[in-house]
Amino acid sequence: MTSYDYDVLVIGSGPAGESAALNAAKHHQRAGVIEDRSMVGGGCTHRGTIPSKALRHAVKQLMRFNTGRLFREIGHSRQIPYPTALSVASGVIEKQVEMRSKFYARNNIDLHIGQACFVNEHTLAVRQADGIIEKITAGDIVIATGSRPYRPADVDFDHPRVYDSDTILDLKNTPRKILVYGAGVIGCEYASIFSGLGIKVELINSFDYLLAFLDDEISVALNYHLRDMGVMVRHREEYDHLEASSSGVELHLKSGKRLRGDALLWCNGRTGNTDGLNLEAVNLEADQRGHLQVNRNYQTSTPNIYAVGDVIGWPSLASAGYDQGRSAAAASRGKETVRYVDDVPTGIYTIPEISSVGKTERELTDAKIPFEVGRAFFKDTARGQISGEDVGMLKILFCPDSLAILGIHCFGAEATEIIHIGQAIMNQKGEGNTLKYFITTTFNYPTMAEAYRIAAHNGLNRLNDY
Ligand SMILES: Cc1cc2nc3c(=O)[nH]c(=O)nc-3n(C[C@H](O)[C@H](O)[C@H](O)COP(=O)(O)OP(=O)(O)OC[C@H]3O[C@@H](n4cnc5c(N)ncnc54)[C@H](O)[C@@H]3O)c2cc1C
Ligand SMILES: NC(=O)c1ccc[n+]([C@@H]2O[C@H](COP(=O)([O-])OP(=O)(O)OC[C@H]3O[C@@H](n4cnc5c(N)ncnc54)[C@H](O)[C@@H]3O)[C@@H](O)[C@H]2O)c1
């Protein structure tokens, strides 16, 4: 039998790579990780989820201070510079890196710092910062190289006023007005963050609605609240060209409009990190967006090579990456895996936040599946009133006959947390998935979770025979 350096060798130490390596090590396999950043954690920890969420948290605290009546006893409302808000993120990144580095050390997972590319299906060449190339062999290889912001060729990202979601974390001043091109998840989250800091924002969306994959009612609510925060949302607009100078940026749209600002944040799409991997050497090819195709076991067409996380495209979430990494490592040991498809919840950290799981009203109607709706408004919950977080609602879509839950959509404080209560019930088999759970179970009071009881009663009251 051929002997390799590792049983499982993972490229990338983001959520997907980390969980693949840990799962292999926990099952007594020899595992190694190759990472081209000097620290572990991936794009998630250094440029994506963690810094953006830490920044958002700082901005939310500021917004609470500025809008809370009690705080007026302490002083006037204030603004803080963008770099100050951003500085809190670096502390969180440090803690994350420290914690994650220990995971590798404690589980005897070797970490190789350098850029990996394939030599053949069992060998990777790792180019270290000093130019030395190390060759490492493995029985199975997991590609978890993540993604980076998509950069169109005609936008000059070297210009000091032009940013993408990676470089926006290096912005050293507070623009008075920022143009955000691309109203996907990243664009909407950053639009909330900037407007929370008192910065004027123009959010340019090429579609008819914001985040069209959301339930229509939630998308409309997001649009309303962004406008309410002062964000100018422009729909059905497309980029034509950009002029950037020392005094500002001017974005020319195909409609003929010219929008001016102090800076531009371009966040229209991402590209999988596959270009430097020398995929030809292992008979693999990425698509136009740099994504790899995998089967339900996260296995590529080269049987000992797996791919997980952003590099395989949708849903491109840290949350999903953790599950996929674990599944791929299990599959490589011949274990049955779970392919995460329908049950991946969305968690969108706009202000207020959004979360959903299951079908939307539109999907159910298109599929001719009858449903009924139960709603609870946070303004009607005691906890919402006490905390002052009274914007938002919870909406449950359910089958009027069996009372099975078909979809849950939430907008408002703690939406990303409380969605999991409904998800747990929705995932029960057979009669376990029932709206009745929420009226036959005692909920702590006062809580945001109480919204489930209110929404369930609201929905059941709509049924004639209930
Ligand atoms: C601004 C922003 C906010 C986000 N917010 C959320 C959120 O709130 N919730 C959520 O679930 N998701 C969020 N995401 C998405 C989330 O960050 C990604 O889905 C996640 O990081 C993907 O994990 P990954 O392991 O696939 O890759 P990554 O985290 O990108 O890690 C891959 C690592 O591999 C390294 N690498 C690449 N090529 C090589 C090579 N050849 N050799 C060695 N190393 C290599 C990369 O440098 C990187 O460090 C956000 C993303 C962005 C950009
Ligand atoms: N809270 C969260 O869960 C969270 C937060 C931020 C980002 N994210 C993830 O980050 C990803 C990126 O989000 P986004 O806001 O940049 O936009 P997006 O992926 O929603 O796409 C925005 C637009 O860019 C286009 N596009 C995407 N990739 C392209 C490419 N390579 N070339 C050309 N066009 C391309 C898309 O078709 C779309 O029109 C999402 O998949 C999202 O899951 C998640």
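**The shell around ligand 2**

Guide: The shell around ligand 2 holds 19 residues, and those that come nearest are Tyr150, Gly184, Ile186, Gly269 and Ser316. The most comes from α5, with four residues. Sorted by class, the shell has eight nonpolar residues, eight polar ones and three charged ones. Ligand 2 lies between domain 1 (6–149 + 271–332) and domain 2 (162–268), because both domains give residues to its shell. All of this is read from a predicted model.

Next comes a sheet. Strands β12, β13 and β14 form an open sheet in that order, with antiparallel pairing. Its edge strands are β12 (239–244) and β14 (258–261), each of which pairs on one side only. From one strand to the next, the twist averages 20°. Between β13 (residues 249–253) and β14 there are four bridges, and these two strands run antiparallel. Across from Glu250 stands Arg260 in β14.

The backbone also has some points to check. Ile351 and Pro352 are joined by a cis peptide bond, with omega about -5°.

Two residues can be checked for phi. Tyr298 is not a glycine, yet its phi is positive, at about 65°. Tyr298 is placed in the loop between β16 and β17 (305–307), and it counts as buried because it has 29 C-beta neighbours inside 10 Å. Glu414, also not a glycine, has a positive phi of about 65°. Glu414 lies in the loop between β22 (405–412) and α10. Glu414 has 21 C-beta neighbours inside 10 Å and so counts as buried.

Ala25 belongs to helix α1 (residues 15–26) and counts as buried, because 22 C-beta neighbours fall inside 10 Å. Leaving aside residues up to four places away in sequence, Ala25 touches Ala31, Asn107, Asn108 and Ile109. Val8 is 17 residues from Ala25 along the chain, and their C-alpha atoms are separated by 8.7 Å.

Definitions and conventions:
Residues numbered from 1 in each chain as written. Chains lettered and ligands numbered in written order. Predicted model: local features only at pLDDT ≥ 70, side-chain atom pairs only at ≥ 80, totals over all residues. Buried ≥ 20, exposed ≤ 12 C-beta atoms within 10 Å, placed from the backbone. Contact = placed C-beta atoms within 7 Å. Near = placed C-beta within 6 Å. Nonpolar A, V, L, I, M, F, W, Y, C, P; charged D, E, K, R; others polar. Domains from an automatic or database assignment. Pairing = 2+ DSSP bridges. Axes fitted to C-alpha atoms, helices over the stretch in contact; angles between N-to-C directions.
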